[in-house]
Amino acid sequence: MTPILLAYIGIGIMIALSGIGSAYGVSIGGNASIGAMKKNSDAFGNYIVLSALPGTQGLYGFMGYFILSGTGVLIDTITWVQASAVFGAGLALGLVALLSAIRQGQVCANGIAGIGSGHDLFGSTLILAVFPELYAILAFAATFIISGTL
């Protein structure tokens, strides 16, 4: 294995896991929205916002690629230390985004169910749903910081 291969495996893991997490998260919210629309179809706009929120983690993984590729180290002469840093950043961001998107989807789904039952929970759900996202933002920030050391 060459160092550049390790770096690109890390980037692939980052993009794949963050995308998978977002796909699961928005599906959880979408499923809850379909059920809630049976009771309260007037709140469709709220359902869309809450269902789409877990999709941001996939964007963090995608932006992580641009941050790391912008360093100029993703070339054949990359060192093992640099490649390990790229791999580690990719793995960390990928895993955090995966799990936070799924958990955020679950928080949103509970809020969607409550809105569907007639409760005024949009603002509260939005605030609570930001908490899992915070950790994806921190992982993205760590990826940015790591990229600055390359």
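Here are legends for a set of close-up views of this predicted model.

**A note before you look.** Residues are numbered from 1 along each chain as its sequence is written, and side-chain values use heavy atoms, with hydrogens and water left out. As this is a predicted model, local features need pLDDT of at least 70 and side-chain atom pairs count only at pLDDT 80 or more, while totals for chains, interfaces and linings use all residues.

View 1. Helices (H or I, at least four residues) and strands (E, at least two) are DSSP runs, numbered from the N terminus. Follow the sequence and you get the pattern α-α-α-α-α. Along the principal axes, the C-alpha atoms fill a box of roughly 60 × 20 × 20 Å. Of the 150 residues, 41% count as buried. Buried means under 20% relative accessible area, exposed means over 50%, and partly exposed is in between (1.4 Å probe, protein chains only).

**View 2. Helices H4 and H5 pack against each other.** Two packed helices are described by the angle between their axes and the distance between the axes. Here H4 covers residues 80-116 and H5 covers residues 122-149, and they pack at about 175° with their axes 9 Å apart. The axes are lines fitted to C-alpha atoms, for helices over the stretch in contact, and angles run from 0 to 180 degrees between N-to-C directions. H4 and H5 are therefore roughly antiparallel to each other (that word is for angles over 145 degrees; under 35 is roughly parallel, 65 to 115 roughly perpendicular and the rest oblique). Sorted by class, the contact of H4 with H5 has 18 nonpolar, five polar and one charged residues. Ala, Val, Leu, Ile, Met, Phe, Trp, Tyr, Cys and Pro count as nonpolar, Asp, Glu, Lys and Arg as charged, and the others, Gly among them, as polar.

**View 3. Phe131 sits in helix H5.** Phe131 has a relative accessible area of 48%, so it is partly exposed. Now find Val107: Phe131 and Val107 are 24 residues apart in sequence and 9.7 Å apart in space, C-alpha to C-alpha.

**View 4. Met1, Leu5, Ile9 and Trp80 make a nonpolar surface patch of about 420 Å².** Areas come from the Shrake-Rupley method with a 1.4 Å probe; for residues, only the protein chains shown count as cover. Met1 lies in the segment before helix H1 (3-37), and its 63% relative accessibility makes Met1 exposed. Thr2 is in the segment before H1 too, but counts as partly exposed at 43%.

**View 5. Asp76 is in the loop between helix H3 (56-69) and H4.** Asp76 is exposed, because its relative accessible area is 71%. Asp76 and Met14 are 62 residues apart in sequence, and their C-alpha atoms are 20 Å apart in space.

Technical notes: Patch = residues over 30% accessible without salt bridge, like charges linked within 9 Å, V, L, I, M, F, W, Y side chains within 5 Å. Salt bridge = Lys/Arg side-chain N within 4 Å of Asp/Glu carboxyl O.
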